[in-house]
Amino acid sequence: MRHIISILIENESGALSRVAGLFSARGYNIESLTVAPTEDASLSRMTVVTSGSDEIIEQITKQLNKLIDVVKLIDISESSHIERELMLIKVRALDGAREEIVRLADIFRGKIIDVTPSSYVIEVTGEKSKLDAFVQTLPTDAIIEVVRSGTTGILRGERGLHV
């Protein structure tokens, strides 16, 4: 099962390395990883997406809690939450294909953020399945480059991850 673990971590050099090292040393895969500072400059919020049984995830969270840099963590996939991912995709857009690509971007609520005579860069935000579907609708020979941020998420309602 897929889990989204949200971690408040000290904003210090080596903290990210220690978390990634914990996963690596135990043979657990990280599907996606995002990190950014929070409103408190001394803390960063890390979102780790991984898969495993409930027992494995429990073991991972216990090991993460033992790391000195980890302030607090929560598996947000266990509660009602919102998750998003950002994708920038550069596509070849020549002659007649230009209108079709604009139409597809509109359908997926994408935003064209760069235009050249032969290409577009499109920004699409949403759940992983939406981004995957957008990529699949484009002709494979039209795709020049794809960059994705990885999943980030937040709990719904009043609950939150804070100190």
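Val 91 counts as buried because its relative accessibility is 0%, where buried means under 20% relative accessible area, exposed over 50% and partly exposed in between, with a 1.4 Å probe and protein chains only. This is a predicted model, so local features need pLDDT of at least 70 and side-chain atom pairs count only at pLDDT 80 or more, while totals for chains, interfaces and linings use all residues. Residues are numbered from 1 along each chain as its sequence is written, and side-chain values use heavy atoms, with hydrogens and water left out.

Back to Val 91. The residue sits in strand S5, residues 81-92; helices (H or I, at least four residues) and strands (E, at least two) are DSSP runs, numbered from the N terminus. What does Val 91 touch, not counting residues up to four places away in sequence? The list is Ile 101, Ser 118, Ser 119, Tyr 120, Ile 122, Leu 138, Ala 142, Ile 143 and Ile 144, with contact meaning heavy atoms within 4.5 Å. Glu 158, by comparison, is 67 residues from Val 91 in sequence and 40 Å from it in space, C-alpha to C-alpha.

Next, the cores. A nonpolar core here is a set of buried Ala, Val, Leu, Ile, Met, Phe, Trp, Tyr and Cys residues joined through side-chain atoms within 4.5 Å. The largest one has 16 residues, and Ile 5, Ile 7, Ile 9, Val 19, Phe 23, Ile 60 and Leu 64 have the most contacts inside it. At least two residues each come from strand S1 (2-10), helix H1 (15-25), strand S3 (43-51), helix H2 (54-66) and strand S4 (70-75). H1 gives the largest share, four residues. Phe 23, leaving aside neighbours within four places in sequence, is in contact with Tyr 28, Asn 29, Ile 30, Val 48, Thr 50, Ile 60 and Leu 64. Val 91 belongs to a second, separate core of 14 residues, which also includes Met 87, Ile 89 and Ile 101.

On strand pairing: S2 (residues 32-37) and S3 run antiparallel and are joined by six bridges; two strands pair if DSSP finds at least two bridges between them. Val 35 is opposite Met 46 in S3, and the hairpin from S2 to S3 passes through five residues.

Last, two backbone angles. Asp 95, in the loop between S5 and helix H3 (97-107), has phi near 45°, a positive value in a residue other than glycine. Asp 95 counts as exposed because its relative accessibility is 72%. Arg 109, in the loop between H3 and strand S6 (111-115), is also not glycine and has a positive phi, near 55°. At 73% relative accessibility, Arg 109 counts as exposed.
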